[in-house]
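This briefing goes through one protein chain by topic. Please keep the sequence and the 3D view open while reading.

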Amino acid sequence: MSSAGTIVKKRQILGLDLLRFTAALLVMWYHVVYGSWTFLAHFSHQIGFDFSSLRELRPYSQFGWIGVEIFFVISGFVIAFTAETSSPPQFLESRVLRLVPGVWVCATIAAIFLLALNSPDPVLSLYLRSVSFFPVSPYISSAYWTLTIEICFYAIVLLVLLANKFERLVQVATAIGIVSSVFWSAWLAVNCFSPHSKLALVLGRFAFTRIAQLLLIEHGCFFAVGVLLWAVLMKQATRNRIFWIAVFTLAGVIQIMGEGLRLAMQDLFVPAAIWLSSLVLLVFSVRRNDGFASLGRGFASWTRKLGLATYPLYLIHFPLAVWLAGYLHSCGVPWAVALPTTVLATVALALAITLYPERMLRTALRRLSSFIGPFWKRVQQPA
């Protein structure tokens, strides 16, 4: 194992917490500054606030969706790191304890908030779909669409662990990445050389469907990059692994271009550049983890808290952050003050959720899950 691998095994990867938190801020900025007057305009009209003046910030906000692609890479890395030392029950428990408390708390807060606003949407139906991790939208918040994609990836890793074949995880991730890369390569080739063909129409319609997402065809290259980066940084940097990282990174750029075209972005270079930069920062975070740790326990503690707050921040910023920004502006607060105030207030709320209700619910669920270990041992015992 490399020295970096030894370092990382001893403690958290501080840089990854910061990168994850930054990705959540990008998504929140995208929804508040861009989505509030575009695809979330119906909600803005419901609450009676005018966000049209934010059109001037379009070049500085339209790319924020790239935070999701950053999340998927980090997930591939972290899940490989977590699964290496986990039994199937331990892995399943860790994923349940990571996903469920945050969703139950944040969805409940969002539902109460929407009911207080007299939202005409079917709040109860949206709430139940969200807290049950229903695979198809709509949800209480548009951000929830990524959770079942993550669960599909977790399920594949769990199957690998159940087969007692963790050493094959890199090969499995590579296979996922190859399928995703072949699809995006075909999509690019057809759109470049035969954009009006039936094949182009079929690929274009399938590219951003829910089934393509749940089968990891749309985003599989991102998860694969994360797993392979873990293998290179934590295990061994072989030529084969580096080659596939390059292939899947290229496929990721193509997917980002396709997403940008679908969203009618004016500059496709910006999200691609941000995503590529995030890969560099991920590598740097692992290699320089000792340097981050030397900044002191206080820095490490708050970095960890921000990393944990990323999940509720991602889930809770809509509708609360959109409403708060609109409310402040309607009270005469200029956008230059309303927007950063909204960001700080939403981050503070996310931290509070992390430190109190989410933690308490996770503790309660952990006590319930204490029965899983003994049950698993009994199942494994030969008859």
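How far is the sulfur of Cys152 from the closest cysteine sulfur? The distance is 15 Å, and the partner in question is Cys221, which is too far for a bond. The model discussed here is predicted. It has 18 helices and 0 strands, and its radius of gyration of 21 Å is close to the 21 Å that the globule rule gives for 383 residues, so the protein is as compact as a globular protein of that length.

**Cysteines**

- A disulfide is a covalent bond between the sulfur atoms of two cysteines.
- The search of the whole structure returns 0 disulfides.
- Cys221 is in no disulfide, as the nearest cysteine sulfur, that of Cys152, is 15 Å away, whereas the cut-off for a disulfide is 2.5 Å between the sulfur atoms.
- Cys221 counts as buried because its relative accessibility is 0%.
- Cys152 counts as partly exposed, with a relative accessibility of 22%.

**Overall form and surface**

- Along the principal axes, the C-alpha atoms of the protein fill a box of roughly 65 × 55 × 45 Å.
- Of the 383 residues, 50% count as buried.
- The accessible surface comes to about 17900 Å², and carbon and sulfur atoms account for 67% of that surface.
- The side chains include 29 positive and 14 negative ones, and the centres of these two sets lie 10 Å apart.

**Backbone exceptions**

- Most residues other than glycine have a negative phi, and most peptide bonds are trans.
- The peptide bond from Ser137 to Pro138 is cis, with omega near 15 degrees; Pro138 belongs to the loop between α6 (123–131) and α7 (147–162).
- A cis peptide bond also runs from Phe318 to Pro319, with omega near 15 degrees; Pro319 is located in helix α15, which covers residues 297–330.
- Phe133, although not a glycine, has a positive phi of about 55 degrees.
- Phe133 sits in the loop between α6 and α7, and it counts as buried because its relative accessibility is 16%, below the 20% limit.
- Asn164 is not a glycine either, and its phi is positive at about 55 degrees.
- Asn164 is placed in the loop between α7 and α8 (169–193), and this residue is exposed, with a relative accessible area of 63%.

**Thr174 in helix α8**

- Thr174 is part of helix α8.
- Which residues does Thr174 touch, not counting residues up to four places away in sequence? They are Leu228, Trp244 and Phe248.
- With a relative accessible area of 10%, Thr174 is buried, since the class takes residues under 20%.

**Arg98 in helix α5**

- Arg98 is found in helix α5, residues 88–116.
- Is Arg98 buried or partly exposed? Its relative accessibility is 21%, so Arg98 counts as partly exposed, with the limit for buried set at under 20%.
- The C-alpha atoms of Arg98 and Tyr311 are separated by 8.9 Å, although the two residues are 213 residues apart along the chain.
- Not counting residues up to four places away in sequence, Arg98 touches Gly307, Leu308, Tyr311, Glu358 and Arg362.

**Leu215 between α10 and α11**

- Leu215 is in the loop that lies between α10 (210–214) and α11 (220–234).
- Leu215 counts as exposed because its relative accessibility is 53%, and exposed means over 50%.
- Between the C-alpha atoms of Leu215 and Asn118 there are 37 Å; along the chain these residues are 97 residues apart.

How values were computed: Residues are numbered from 1 along each chain as its sequence is written. This is a predicted model: local features need pLDDT of at least 70, side-chain atom pairs count only at pLDDT 80 or more; totals for chains, interfaces and linings use all residues. Side-chain values use heavy atoms; hydrogens and water are left out. Helices (H or I, at least four residues) and strands (E, at least two) are DSSP runs, numbered from the N terminus. The radius of gyration is taken over C-alpha atoms; the globule rule is 2.2 Å times the number of residues to the power 0.38. Buried means under 20% relative accessible area, exposed over 50%, partly exposed in between (1.4 Å probe, protein chains only). Accessible areas come from the Shrake-Rupley method with a 1.4 Å probe; for residues, only the protein chains shown count as cover. Lys and Arg count as positive and Asp and Glu as negative; His and the chain ends are not counted. The place of a charge is taken as NZ of Lys, CZ of Arg, CG of Asp or CD of Glu. Contact means heavy atoms within 4.5 Å.
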